[in-house]
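Hello,

Here is the structure we talked about. Please load it first, then read my notes below.

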Amino acid sequence: MRGSVGLSWRLAGAVCLSAVGLAMPAQGQKATAVPDFAPPPVLRAEEGLTSTAEGDVQAGFNQFTARALGKAVEAGKELHYVLPIVLSDGEIFNPATGSYDKVRLRAYDGTFPAPTIKMLPGQTVRLTLQNKLKPEPLCGATGNTNIPHCFNTTNMHSHGLWISPTGNSDNVLLSIKPGVDFQYEYNVPADHPAGTFWYHPHTHGSTAIQVGSGMAGALLIEGKRPPTMASNGDLDTLLKGFAPDGDITKEVMLIQQIPYACLVDAKGNAKTEDAIWTCNKGEVGVVEDFDAQFDPKAWKKSGRYTMFNAQVRPEMKLNSGQLYRWRLIDAGVEETVNLRIRKSSNPGALNRLAAGAKAEEAEVRKACAGTDVTQFEVATDGLTRGQIFAKTDNNLQPGYRSDVLFVLPEPGEYCVYDDASGTDQVMNSPDNPKVIGVIHAAGGAIKGTQKEFLTEQLLRAADDLPSDVREVVKADLRNDLRLTKYIPHRDVTDEEIKISGQPQVDIAFNLEFKVPPTKFLINQHAYDPNRMDHTLILGNAQQWQLRTISVNHPFHIHVNPFQIVDIQPADPKVGLSDASKQVYEGMKGTWKDTIMVNQDAIVTIRTRYSRYIGQYVLHCHILDHEDQGMMQNVQIVLPDGQGGAQPMGHNH
């Protein structure tokens with residue numbers, strides 16, 4: 001997207017593609033060149049945030065503020081960010097027409113994609129969110145919590161971070177109205193895992209509209225702690241030599257689907273529902289009509305395209321024979337992406353203007369039948385795996401993150417494509433394979449297999465480790481690519497569950513179609529902000545079991561991640577489908593914060609309630625499902641000293 005409110009492209013060093021160096025064409029002109037591909041911009045920390053130009057301490061701070069916070073910022077103990085939300089104009093390439101559609105979308109910092117935010121373990125991060133969207137006089141007039149509403153009311157969720165859910169921290173129960181500024185304060189623990197996380201709005205009723213408008217960005221916890229014999233370390237310290245220019249923010253691959261529609265014509269007249277997906281000259285695409293733009297069949301009907309870093313079908317220049325890390329973030333609302341990278345068997349059949357299911361599928365069939373590029377997954381949802389897992393088809397669901405290492409084994413063109421076929425896993429609607437990016441690789445060819453190349457590169461990187469731990473790490477790598485000295489969490493054992501003595505928590509998603517409108521339920525209840533669904537006790541470990549009655553749903557819970565301990569068929573006589581086997585392959589034992597629950601599966605997870613008390617939520621991460629009631633309240637409370645929960649509130 002290119003726009004008039006600070007929207008710009010930044011070069012990505014070693015991972016950047018310079019297409020032909022020409023500017024993007026104006027709306028309605030044919031696209032003759034591809035814009036430079038780049039990572040999202042990086043949000044810059046503000047300086048002088050605590051004092052005015054005259055040197056006076058700002059309102060709301062005490063007399064010690066300027067000096068104390070100034071020293072904290074200088075020492076790296078604090079970061080200060082300002083993040084305005086504004087309605088921004090821009091353009092998105094449309095392969096169906098070969099031109100750019102004009103759009104007007106809500107945007108963080110006036111940019112699309114949203115800027116990447118970087119933090120360090122042990123830092124205090126103050127982020128002032130400024131809601132500059134227009135007021136909504138009738139906001140909440142219906143009184144029904146589970147009807148999407150108040151599309152310009154917002155807040156901030158730091159998805160996956162292990163921080164407090166209360167006050168002005170990761171509190172998704174706040175509502176920041178238009179015209180209101182609010183300063184979040186994230187106290188990132190010194191022992192917080194480094195990894196790939198993300199941020200997005202989370203006000204119940206407006207989440208899908210805002211994320212669908214592009215309000216989502218990468219949030220990286222950078223790791224600088226090498227492993228020692230006494231403690232584990234950050235994977236970043238092993239992989240730092242592979243980051244472009246040494247900058248981990250250039251590894252971000254933000255995956256989004258923006259269901260923009262031109263709801264009115266150039267004269268301001270409302271268009272019919274079938275006509276809104278065609279944007280003619282003088283019309284502007286927006287994300288405003290929940291019913292039309294988030295209908296289960298809307299994305300397929302729209303003809304819109306999955307984007308990498310806000311670019312439709314980008315082309316990337318990479319070096320063959322070089323190791324890369326991609327931090328894949330599925331920041332979409334409801335689309336499954338089965339990401340695959342494959343050598344093009346017929347580059348001449350690649351067609352940037354392939355539009356429609358038949359043309360897209362034909363392009364994949366004709367052009368993308370060469371050698372598979374293995375994605376070596378090193379982290380899921382920001383948390384380092386105990387062992388690198390090799391995959392060629394990377395199943396990404398809304399909310400997922402997947403950190404992968406890969407090498408392009410020889411020069412040439414490579415398809416980056418969504419290997420969907422048959423039925424979309426989330427929306428249960430027809431889907432088809434489609435190219436969503438192209439890599440142009442120049443350089444040398446590797447010797448041996450991709451796994452052998454990876455192993456050699458990582459062993460060489462381990463040479464920089466302190467001598468006492470170096471051989472431990474190398475032995476692990478030689479032992480089928482294990483990462484024992486980099487995993488952030490110990491397993492939740494049977495014994496730990498037994499000692500905690502907590503009953504299993506059962507979660508069942510369901511869509512009820514008996515009487516319109518459809519009801520979006522968890523455990524047969526729609527969301528009620530005044531009902532506490534789960535009271536959990538600090539310091540305990542607990543087992544949960546997840547299932548779904550109707551349609552597949554990605555489960556997400558805030559604050560504490562969970563470990564996947566078992567996946568069983570819902571019907572043992574039938575077993576898991578081939579699709580489910582692929583979705584869950586390699587997941588047992590991993591730590592995540594979001595997991596797809598398929599209808600034919602029962603997923604068992606375990607978690608610990610560590611450090612933080614307070615209220616937060618769990619929900620389906622199909623965000624339009626969440627907005628319509630598929631969410632529950634959770635609270636963690638202090639133990640009462642007798643094996644039970646201490647009531648919240650003031651007690652004597």
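A residue counts as exposed when its relative accessible area is over 50%, and as buried when that area is under 20%. V574 has 66% relative accessibility, so V574 is exposed. Keep in mind that this is a predicted model. V574 sits in the loop between β28 (562-569) and α10 (578-584). Its C-alpha atom is separated from that of S344 by 38 Å, and the two are 230 residues apart along the chain.

Next, the cores. The largest nonpolar core has 37 residues. I507, W544, F555 and I595 touch the most other members. Strand β23 (residues 505-512) gives the most to this core: four residues. What does I507 touch, leaving out residues up to four places away in sequence? The list is I522, N523, H534, W544, Q545, L546, R547, F555, L618 and Q632.

Then helix α7, residues 450-462. Its 13 residues reach 18 Å from first C-alpha to last, close to the 18 Å expected at 1.5 Å a residue. Which residues of α7 are buried? They are Q450, F453, L454, T455, Q457, L458, L459, A461 and A462. An α-helix has 3.6 residues a turn, so residues three or four places apart point the same way. The cover over the buried residues of α7 includes strands β13 (323-330), β15 (375-380), β16 (383-391) and β18 (401-407). Helices α3 (236-239) and α8 (467-478) are also among the covering elements.

Now the rings. The structure holds ten aromatic pairs. One of them is F182 with Y184, edge-to-face, at 5.0 Å centre to centre and 85 degrees between the planes. F182 is partly exposed, at 24% relative accessibility. Y184 is buried, with a relative accessible area of 0%. A second pair is W326 with F406: the centres are 4.8 Å apart and the planes are at 70 degrees, so this pair is edge-to-face. It links distant parts of the chain, with W326 in strand β13 and F406 in strand β18, 80 residues apart. Both W326 and F406 are buried. Ring pairs also link F182, Y184 and Y186 into a cluster.

Last, charges over rings. R304 lies over the face of Y260, at 3.9 Å from the ring centre. R352 lies over the face of F93, at 3.7 Å from the ring centre.

Best wishes

Terms used: Residues are numbered from 1 along each chain as its sequence is written. This is a predicted model: local features need pLDDT of at least 70, side-chain atom pairs count only at pLDDT 80 or more; totals for chains, interfaces and linings use all residues. Side-chain values use heavy atoms; hydrogens and water are left out. A nonpolar core is a set of buried Ala, Val, Leu, Ile, Met, Phe, Trp, Tyr and Cys residues joined through side-chain atoms within 4.5 Å. Buried means under 20% relative accessible area, exposed over 50%, partly exposed in between (1.4 Å probe, protein chains only). Helices (H or I, at least four residues) and strands (E, at least two) are DSSP runs, numbered from the N terminus. Contact means heavy atoms within 4.5 Å. The expected span of a helix is 1.5 Å times one less than its number of residues. Rings of Phe, Tyr and Trp (its six-membered ring) pair if their centres lie within 6.5 Å; planes under 30 degrees apart count as stacked, over 60 as edge-to-face and the rest as tilted. A charge sits over a ring if NZ of Lys or CZ of Arg is within 6 Å of the ring centre and within 35 degrees of the ring normal.
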